[in-house]
Amino acid sequence: MNVTIQCFGVFRSFGDRIALSVEKGTTVCELRGLLRDKLTQLDSSFDNSGLIKNSHFATETEILADSAPLEEAMNIVIIPPVSGG
Amino acid sequence: MGAIFVDICDVATQPLDVMAGLAFVTRSPNGAENLFVGTVRGVNQGKEVLGVSYDVFESLAKRSFTDICAEARAKWGRELSLYVTHGKGRLPVGGVGIVIAVGAPHRDEAFKACRYVIEQVKHRSPICKLEHYADGDSEWTKGCELCTHEHEVAGHGRHS
């Protein structure tokens with residue numbers, strides 16, 4: 001199934017959105033590894049697993065727990081460490 | 001009973017209005033208003049800054065503001081009125097990035113609630129900051145990992 005990840009903050013250097021094909025039942029936790037691989041494909045110099053580990057995934061209405069399963073055609077956003085105010 | 005107002009403003013078309021915040025929270029019979037205004041610093045970690053660009057995930061940011069304001073009222077009283085607006089887009093040095101205003105019956109809860117709101121926003125609201133430097137570089141500030149609950153914030157250090 002396909003999910004779309006909206007890039008936010010420092011991830012905008014990879015574009016507005018990243019499409020990923022994942023297996024049914026994939027969790028947010030597993031998505032971290034898949035996204036790291038995808039980002040390395042897009043930019044071979046990308047080497048920042050810590051950034052992905054310290055980022056959260058969210059929908060328009062909630063932050064997703066690591067155990068949350070992904071759903072078909074899901075639109076999610078990756079939120080890196082924050083610095084508002 | 002008090003009221004809550006939260007918003008995100010595109011600063012290219014709508015600069016943040018400090019006095020609007022103060023006006024919103026000034027309500028009878030309360031007798032104390034506290035105002036926090038966050039502006040863009042000209043230096044960060046020894047580098048001269050020309051401005052910043054705020055990237056805001058609006059729907060969740062507004063929700064976080066509303067949750068935080070509701071928590072402040074639960075802690076310091078339903079009479080509190082709270083106003084939170086944050087800018088998105090590019091601001092020069094000295095530009096206003098956030099306005100927080102709190103109206104309360106007395107100064108103690110007004111000060112405490114205002115401090116609470118800014119500390120929580122810094123850790124729980126999905127907002128990123130790209131700094132633009134005098135040497136031509138731009139860099140996303142490192143920030144802190146997004147906290148999803150109030151109690152997580154206490155374990156994090158304070159950020160400027």
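Predicted model: local features only at pLDDT ≥ 70, side-chain atom pairs only at ≥ 80, totals over all residues.
Q: In what order do the elements of chain B run from the N terminus on?
A: Chain B contains four helices and eight strands. From the N terminus on, these elements follow the order β-α-β-β-β-α-β-β-α-β-β-α.

Q: Why does the radius of gyration of chain B agree with that of a compact globule?
A: The C-alpha atoms of chain B fill a box of roughly 50 × 35 × 30 Å along the principal axes. For 160 residues, a compact globule would have a radius of gyration near 15 Å. The value for chain B agrees with this because it is 16 Å.

Q: Among contacts in chain B between residues at least 6 apart in sequence, what percentage join residues at least 24 apart?
A: Two residues are in contact if their C-beta atoms lie within 7 Å. Of the contacts in chain B between residues at least 6 apart in sequence, the share that joins residues at least 24 apart is 74%.

Q: Which residues are in contact with Ala113(B), leaving aside its neighbours within four places in sequence?
A: Ala113(B) belongs to the group of core residues that touch the most other members. Leaving aside neighbours within four places in sequence, the contacts of Ala113(B) are Ala72(B), Trp76(B), Leu80(B), Leu82(B), Val102(B) and Ala104(B).

Q: How many nonpolar residues has the side of chain A that touches chain B?
A: In total, 17 residues of chain A are in contact with 24 residues of chain B. Strands S3 (56–58) and S4 (74–79) of chain A each supply at least two residues of this side. By class, one residue of this side is charged and seven are polar, while the number of nonpolar residues is nine.

Q: Which strands are the edge strands of the open sheet in chain A?
A: This sheet has four strands in the order S2-S1-S4-S3, with mixed pairing. An edge strand pairs on one side only, and the edge strands of chain A are S2 (17–21) and S3.

Methods: Residues numbered from 1 in each chain as written. Chains lettered and ligands numbered in written order. Core = buried A, V, L, I, M, F, W, Y, C linked by C-beta atoms within 7 Å. Buried ≥ 20, exposed ≤ 12 C-beta atoms within 10 Å, placed from the backbone. Rg over C-alpha atoms; globule rule 2.2 N^0.38 Å. Nonpolar A, V, L, I, M, F, W, Y, C, P; charged D, E, K, R; others polar. Pairing = 2+ DSSP bridges.
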